[in-house]
Amino acid sequence: MKTMHQNLAQAYAKLGGDNPWDIPWIIWLLENPESPIALGGSISLRNHDYMHVLLEKGFSPEDEAFVIGVTMGNDSRTRFWDYWIFKFAARFLYPGVYRFTQEHLQRFDEGVALGRSLPVRDLNRFDFCRVENVPVRVLQTVFGIYW
């Protein structure tokens, strides 16, 4: 994903991704901040896609696992049981292409580690709409995302 000279809105427009109505109910239940039982790191679909842009990740299961790991690890409200519940659900309850393998969960753990190390906390609750015209590289620097 080449975002070097694009602002966040431009990169997002080229991203693609899932439509909200295509997301299985169990994923909405655990990962959407509007759910009554959302886990730590829950994030709106649009902001989740912005995180894909900032992390320069596509939509492979490995990349999805990594992005979810970053948002959970970066959220100050995430507790140890959130990780356990997410890993169990993603490994055994999520349907079809959304189900993670043990290797995907290793990428999730790598994302958690990165999320915890970022200097800016709680990106899952950040209002990215306010910075859509800012170049992706600038936002990566501000948020401490270095590749």
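## Two loop residues

Asp122 sits in the loop that runs between α6 (102–117) and α7 (136–143). This is a predicted model. The phi angle of Asp122 is near 60 degrees, which is a positive value in a residue other than glycine.

Glu56 is another residue of this kind: its phi is near 55 degrees, again positive and again not in a glycine. Glu56 belongs to the loop between α3 and α4. With a relative accessibility of 22%, Glu56 counts as partly exposed, because the partly exposed class lies between the buried limit of under 20% and the exposed limit of over 50%.

Helix α5 covers residues 80–93, and Trp81 is part of it. Is Trp81 buried, partly exposed or exposed? Its relative accessibility is 43%, so Trp81 counts as partly exposed.

## Helix α5: Ala90

Ala90 is also placed in helix α5. Its relative accessibility is 0%, and therefore Ala90 counts as buried; the class requires a value under 20%.

Which residues does Ala90 touch, leaving aside those up to four places away in sequence? They are Tyr98, Arg99 and Phe100. A further spacing can be given for Leu105, which is 15 residues from Ala90 along the chain. The C-alpha atoms of Ala90 and Leu105 are 8.5 Å apart.

## The largest pocket

The largest pocket holds about 570 Å³ of space. It is lined by 30 residues, and those closest to the pocket centre are Ile23, Ile27, Glu31, His48 and Glu64. Three elements each supply two or more residues to this lining: α2 (25–31), α3 (45–55) and α4 (61–74).

Which element gives the most to the lining of the largest pocket? It is α4, with five residues. Two of the elements named for the lining, α3 and α4, are also the helices on either side of the loop that holds Glu56.

How values were computed: Residues numbered from 1 in each chain as written. Predicted model: local features only at pLDDT ≥ 70, side-chain atom pairs only at ≥ 80, totals over all residues. Heavy atoms only, no water. Helix = DSSP H or I, 4+ residues; strand = E, 2+ residues; numbered from the N terminus. Buried < 20%, exposed > 50% of the residue type's maximum accessible area, 1.4 Å probe, protein only. Contact = heavy atoms within 4.5 Å. 1 Å grid on protein atoms, 1.4 Å probe; cavity = no way out; pocket = protein on both sides within 12 Å on 5 of 7 lines; lining within 4 Å. Points joined across faces, edges and corners; volume = space filled by probe spheres on them.
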